[in-house]
Amino acid sequence: MPGSPGGALVWGSPWLDPWGPRARGGCGLLCFILHLAALLLYNARHYSANACLIPICSLYGAAITTVEGIGNTKSRIHPVQERIAKCHGSQCGFCTPGMVMSIYALLRNHPEPTSEQITEALAGNLCRCTGYRPIIDGCKTFCKVSRSKFNNQNCCLDVEENPSSLDKEKVICTELFTPEEFQPLDPTKELIFPPELMVMANDQQKRTLIFHGERITWISPVSLKELLELKTSFPRAPLVVGNTSVGPDMKFKGVFHPIIISPARILDLNLVNYTKNGLTIGASCSLALVKDILENAVLELPRENTKVFCALLQQLKTLGGQQIRNMASLGGNIIQRHTTSDLNPVLAAGNCTLSVVSLRGRLQIPLNEQFLTGFGNAILQPDEILVSVHIPCSETGEFVSAFRQAQRRENALPIVNAGMRVLFKSGTDTIMDFSIFYGGLASTTICVNKSCQSLIGRCWNEQMVGDACRLVLEEVSIPGFTQDGRAEYKQTLIVSFLFKFYLQVLQGLRQMYPCRYHDMPVRWMSILQDFQTRIPQSSQKYQVNPEQLPQDPVGRPIMHQASIKHATGEATYCDDIRAVDKELFLAVVTSSRPHAKIVSSCALFKMAHSKQYFHQSNFFYLLQVNCVGQIVCAVVADSDVHAKRATVKVKITYEALEPVILTIEEAIKHNSFFDPERKLEQGNVDEAFETVDHVLEGEIYIGGQEHFYMETQSVLVVPKGEDKEMDVYVSSQHPTFAQELVASVLNVPSNRVMCHVKRVGGGFGGKVTKPAILAAITAVAANKTGHAVRCILDRGDDMLITGGRHPFLGKYRVKYKLGKVRAADIKSVTESSFFPYPKIMETALLRMDNAYKIPNLRFWGHACKTNLPSNTAFRGFGFPQSALVTESWITDVAVKSERQSGSNYIFYWTNSLVHIYTDGSVLVTHGGVELGQGIHTKIMQVTSHELRIPTSYIHVCETSTVTVPNTRPTAASIGTDINGMAVKNACQTLLKRLAPIKEKNPEGTWREWVREAFHQSISLSATGFFRGYDTNMNWEKGEGHPFEYFVYGTACSEVEIDCLTGDHKNIRTDIVMDVGCSINPAVDIGQIEGAFVQGVGLYTMEELTYSPKGVLCTRGPDQYKIPAVCDIPEHFSVSLLSSSQNPRAIYSSKAIGEPALFLGCSVFFAIKDAIAAARKERGLPGNFTLNSPSTPEWIRMTCVDQFTKMVRNCFLKDPRVHFL
């Protein structure tokens, strides 16, 4: 292998992993298929894997299939690509190739998968746009049951009348795609495993592989003896099989290993041995293979012998995604001894043993407390190798269980996990042996050995479990402040898990000895049932007009115009643009202090590949920094890897400044606010409160939210060489702003800067203003060096720098009588960080009344200044926060209230350009940016409807300041509203020009009319313009006309919570949404579902945490959890309200991308109701505070019980407490 940079050597070559240095393996975006020949077997296995984690050296002898390899638009698309696209499973499209390849790998191994296999295959893939439902619908068509179901149904065009509809001319349709159109899956047409690789894999004369990189040497031995010799020679060299631990450490923690050894090809480390005493599994076996082995053993062995196996399987089902399990090894998971390991507590509790070998001989080491904590003789020496793990069979009277609680049920590191085992004397419930291991509480897995030993000889009863809980709490000491701030919650979990184990064992004893034990109370039975991920059942309803002409596309569920290209990987994003000759790469240097003065800065470059470009130039205007993550300077080098490596060489000296303000509460304490304070009032609030009625006071905090768009901030700036012209390719929702800022910093007119946006891989408001800053920095570098410069932020830097949704603190005082609210006085404070964003608070106040009419109402709004990265626009623009405040006091006042949401938007002007060519084809450009919301698709429908031509004649090209100047941002869901009007205007202009020709030749074709117009010298190009609406707001007078129309929607959600752990499951959600007359029901329903699921994330799971020094801790998919497949409702229904007229928007449609996000709060309030029911059972009626997001910690600690009280008091004084 030729020498290459260390980064490229370890992280993947450009053809395999162009985004490698920016990925972490937790999102599934870079999924490909790895085909490996099984050792000593003439067959191949097909694995999905994450390219960002696969060292390219480990691919020797493997076949690789990427999304481009299974199908493309130039030849033939694969059925997986076709079905995900035609089922509307792609919006922005950035995650679609990963989804396709995950399902493709499943189909290669299981051509007729079960629904459970589909959800398991997709568990490691994240999507921020769709809400997952359409992706799953497309995948379900491969299931045998699903196909028979479709065969029994009518075509989606066979619609039935809606007898309850007021509009008798409309009918209801319930299908968004036609399964009969899909090409069948033919496994015989799939790519075969290359025979030469099969021969090479089974060649008995294997040779050692050595690859030399710029800084790293990779060695792959073929025998155990050679491996031991290498470890003796290089004792500090890590062993890498799946690279799921060493790789991230090298990428993100700065760990460097000059020598890496890969034992994956050594047969001794891949053997599996079945004996009557248990299983012995090789250390290099993947976790996916271990799962298969254990599942087979559970099917074949008696139930009483498989307790350890079942406990391990329970953890393996949720450990990472399928891609991670396919690569991660059993030995690596054990040897790392991470506190978050889900397997080590179970393996330790199950009395497993490790087979360790060195040149000195072989040892059998118990996987126990000494090994996990690294004490005594259990410490592995640097030259010792873990060869295999022995997992014993359980015996009669032995019970083993596993527990875990994470921020998200699947593909998430645990907050706390546990493995527990008890062995009873034969025929009794007397404890003979007891072991409990916990993870997540310390730096490694810990054992509560002292507590367990004191319980030996006790009977398994209520008094025993009460004593056990107190003993465990006394033995396990968690500092009052932990890095994640969850000390109290973790202590509650350890006793909650213990109580669950008590009940599980009690149930097992009852099954063994039914005559000795009474039936367990029904209310306890649910404790024994873990939440399972089931494939969702869904329905969609929308109206169609049967009298509409077949060729008219408006109102029909047309597939996203780029979805096929999304699914084949042919869609081009900013970083897909081919490298320019002598292109350079830019990396930013960010502040490490939250509030400090910059004393000095210098760069110590001695790197052969850096361009020595470091400058704290006047562009940054930095005399001080106001947050961690603020960009201080930039470095340019000849590769992304070298640029990032050079940033470490930049040394900045700071002088700390006070105060450091990190929360809204601290801002209030220091009176740190931006002016002005905003106020809206109607009626007479003060007078209303003078009368004696019921008065309710309370507050709620709504945390921030990260945009987590799949495509991070990206820009490429290319100097054109003359007249100071520059092409700027940027992933932006507002290309005009990027153009203006670049022109400003370069001191050139705007006409010298050409900004281009083909498509954006998700934005949600996070790419309105932030990309312009990055584009300006990159442009300065390009101007200074004279070379094209590319800058792509990795996920961690993107989250650290860009900010997100504004946190809110709402305090309310409400007067009510007989269930009716008479007056409300609400004060809201938003965290704007160190840069004001007044529009957020203004919009929040304007929408705070939501769908309610309160006679006396007063809203106050103030933005506070903190030392955190500046927050920015986010889907909903303040409404999701302010409306949740309102909904909170409404639910506090009313026992039962409707969850109804009305939203409104401010509109802007825009223009468009439409060309008709002599062959009849039409080119449309407009000011909107394709973010995944389907704006180009709807514009094509508008153009087709206006010009009365098929959509196949129409092409919508990139958004560019060259063709459409002075655009407004594509935000607030109004892209189709304003750009559709502008395109309509241009089309009508062209139709007027063509009208005389059509009148003379009414039987002619479109092409004939166009050619004749050309011959008559009639212009076939027209600009369109839409001036927007006369909206206004006078804040001094508190009056105006800020909105042009309203959107209405309602949602009803059902959830189930686990009162012992805080976990919850979304059982059902039904949404009815007013969209006016939908231009594209498939796109609109997709937007509603995606927004709802994003709202579920905001209100229930997405939690941003900061260190005491202002450093964002939740950077990347490992720490920050957005909803996954496991989080969507099991029953998910969306209905579009009967078409209503809206003359203020294009074709009576309405903006729909943002309003449905607030409906995610229906899950939040369902959780709150469930908590209230649990509290009522425990004698705790009345109102209580539940902040957003309602994470497992909030749910568990709000469900106050004897365990939470025990934790808060350290232990109960009364040893006879009745736990049951």
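Colleague: In which loop of this predicted model is the place of E1154?
Modeller: The model is predicted, so local features need pLDDT of at least 70, side-chain atom pairs count only at pLDDT 80 or more, and totals for chains, interfaces and linings use all residues. Residues are numbered from 1 along each chain as its sequence is written, and side-chain values use heavy atoms, with hydrogens and water left out. Helices (DSSP runs of H or I, at least four residues) and strands (runs of E, at least two) are numbered from the N terminus, and E1154 falls in the loop between β44 (1131-1136) and α34 (1161-1177).

Colleague: Does E1154 count as buried or exposed?
Modeller: Buried means under 20% relative accessible area, exposed over 50%, and partly exposed in between, with a 1.4 Å probe and protein chains only. Because its relative accessibility is 9%, E1154 counts as buried.

Colleague: Which feature does UniProt place at E1154?
Modeller: UniProt positions are given in the numbering used here, feature names are shortened, and annotations may be inferred rather than shown by experiment. With that caution, the unreviewed UniProt entry gives E1154 the feature "active site".

Colleague: Which backbone nitrogen lies 2.5 Å from a polar atom of the side chain of E1154?
Modeller: The atom facing this nitrogen is a polar one in the side chain of E1154. At 2.5 Å from that atom lies the backbone nitrogen of G876.

Colleague: How many helices and strands does the protein chain have, and what percentage of its residues is buried?
Modeller: The secondary structure of the protein chain comes to 36 helices and 44 strands. Of its 1220 residues, the buried ones make up 61%.

Notes:
Polar contact = N/O pair within 3.5 Å; in protein donor to acceptor, adjacent residues only side chain to side chain.
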